[in-house]
Amino acid sequence: MTKPQQKASLGEAMIPILFLIILLVINIRVFGTDSLSGSNQMVLILSSSVASLIAIFRLKMSWETLQKGIVNSIGAAMPSILILLLIGALAGTWLLSGIVPAMIYYGLKILSPGIFLLAACVVSAIVSIATGSSWTTVATVGVALLGIGRALGFEEGVIAGAIISGAYFGDKMSPLSDTTNLAPAMAGTDLFTHIRHMTKTTVPSILITLIILGILGFTIDVSGSVEQVKGISEVISDKFNITGWLFLVPALVLGMIIKKVPAVPALLAGALLGGVFAVVFQPQIIEGIAGEPGASYTYQSFKAVMMSLYGDISISTSNAMVNELLSTGGMAGMLFTIWLIISAMIFGGVMEESGMLLVIAEAVIRKVHSLGSLIASTAATCVFFNLTTSDQYLAILVPGRMYADIYKKRGLKGENLSRTLEDSATVTSVLVPWNTCGATQASVLGVATLTYAPYCFFNIISPFMTVLYGYLKLGINYYSEEEMREIQKELAV
């Protein structure tokens, strides 16, 4: 039986957080980018153990109660895990079918090094606005853009930063995005008021990002010469049957998402269609992956498509750089990331169920006095929840619930809170290696979170922009005196 729960002190609540931070710093120094292969997962599990010991022996909670919190936390991440598995499958069949190679082939013909980073950000932003999903954008056009950028000679961290900046701008501004709908729901405002209010901080942030990327594009000394790019295009066209018909699959997937088909069935359809197009358009690739020349084409097709869905496949060419582009891990390639997400959700589940996260949040709220400090505290709380719960939805939900009444009491309309939630929670999630977003994008792009994070200029600028607006009292919407009287009556009930 669970004994009555006691409230943790701030010092007790901070112990698991400090343990996590110290161990992660040591871990990254020892293992570097390989820390995602298992050591970071163990750090999160050990930190969960520390939090559990405090909850059981100090707060008098039962393990059964904590376990329930863990299960609920992992359950909340299951949609993300399903999407991640399907993204792995989609990447496999889109490589096998020639869809990604075709994107790289045509992209190399259109994009020059000078405008590439700028174009990568803009294209990602447009696709993300249309689909409402940064994850889908990165997994489709993002993967192709990364290949193009590598071929042009850019470092992968810079390319990934440009792609993610555009994808998360679109995710924030799209009415189809789940986070863009969640934030106003938590803050007590409507969707389009929220989007209009976000433009005040989001547009300046993306403009600064585009200026930086434009400067970098023309100043970075890239190694990809014209001859190298031409050689890559020739190798791809020799290896694959490159045709415009291949773009029908990504067009159908994007169309399904725009029509609000849920992500899981849309991505599954895209992965299966990729397999069908591989059988139709790339018989030579099918034979090479199957590795059984004497078998029937039906047998080879089944084997190759299945291999691309679940496991590692690589296509060898005479060009070493192309070989790096033409490999994928399928669903199996996502398992380390899923392990990381589960470990992170275990830690978040214990911290939330024990009430230790709430104790830390309340301590922050008590320090809030001015408008600027209120918005800065909101943003800091969102970042904190991204670091500790490892989930951007919790980083919107919990601070949204915490601060809603405070904003009302200060006469601030709900769109001020919803904007701050998006400017800080949505965009910073991808900068945290153990967050579901950071782990996913690192896995999908094959670029470590800490490698691309310094170049995600939009994601870095956004929380600072919203805090700056708070301290300068720019773009703030207030309730009228009559509305405040109604709110005071509501809060008094």
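G88 is buried, with a relative accessible area of 1%, where buried means under 20%, exposed over 50% and partly exposed in between, for a 1.4 Å probe and protein chains only. This glycine is found in helix α3 (residues 63-96), and helices here are DSSP runs of H or I with at least four residues, numbered from the N terminus. Leaving aside residues up to four places away in sequence, G88 touches S308, G330, M331 and M334, a contact being heavy atoms within 4.5 Å. From C-alpha to C-alpha, G88 and V430 are 18 Å apart in space, while 342 residues separate G88 from V430 in sequence.

The model is predicted, and local features need pLDDT of at least 70, side-chain atom pairs count only at pLDDT 80 or more, and totals for chains, interfaces and linings use all residues. Residues are numbered from 1 along each chain as its sequence is written, and side-chain values use heavy atoms, with hydrogens and water left out.

Turning to the aromatic rings, the structure holds 9 aromatic pairs, and rings of Phe, Tyr and Trp (its six-membered ring) pair if their centres lie within 6.5 Å, with planes under 30 degrees apart counted as stacked, over 60 as edge-to-face and the rest as tilted. Two of these pairs are set out here.

| Pair | Distance between ring centres | Angle between planes | Class |
|---|---|---|---|
| Y105 and Y106 | 5.2 Å | 80° | edge-to-face |
| Y403 and Y407 | 6.4 Å | 85° | edge-to-face |

Y105 is buried at 15% relative accessible area, whereas Y106 counts as partly exposed at 31%, and Y105, Y106 and F247 form one aromatic cluster. Y403 and Y407 both lie in helix α19 (residues 392-409), 4 residues apart, which is about one turn of the helix. An α-helix has 3.6 residues a turn, so residues three or four places apart point the same way. Y403 is buried at 0% relative accessibility, and Y407 is buried at 1%.

Two packed helices are described by the angle between their axes and the distance between the axes. Helix α8 (residues 178-187) and helix α20 (residues 414-428) pack at an angle of about 140°, with their axes 8 Å apart, where axes are lines fitted to C-alpha atoms over the stretch in contact, and angles run from 0 to 180 degrees between N-to-C directions. That angle makes α8 oblique to α20, because angles under 35 degrees count as roughly parallel, over 145 as roughly antiparallel, 65 to 115 as roughly perpendicular and the rest as oblique. Among the residues that meet are T179 and A183 in α8, and L417 and L421 in α20.

Key:
Helices (H or I, at least four residues) and strands (E, at least two) are DSSP runs, numbered from the N terminus.
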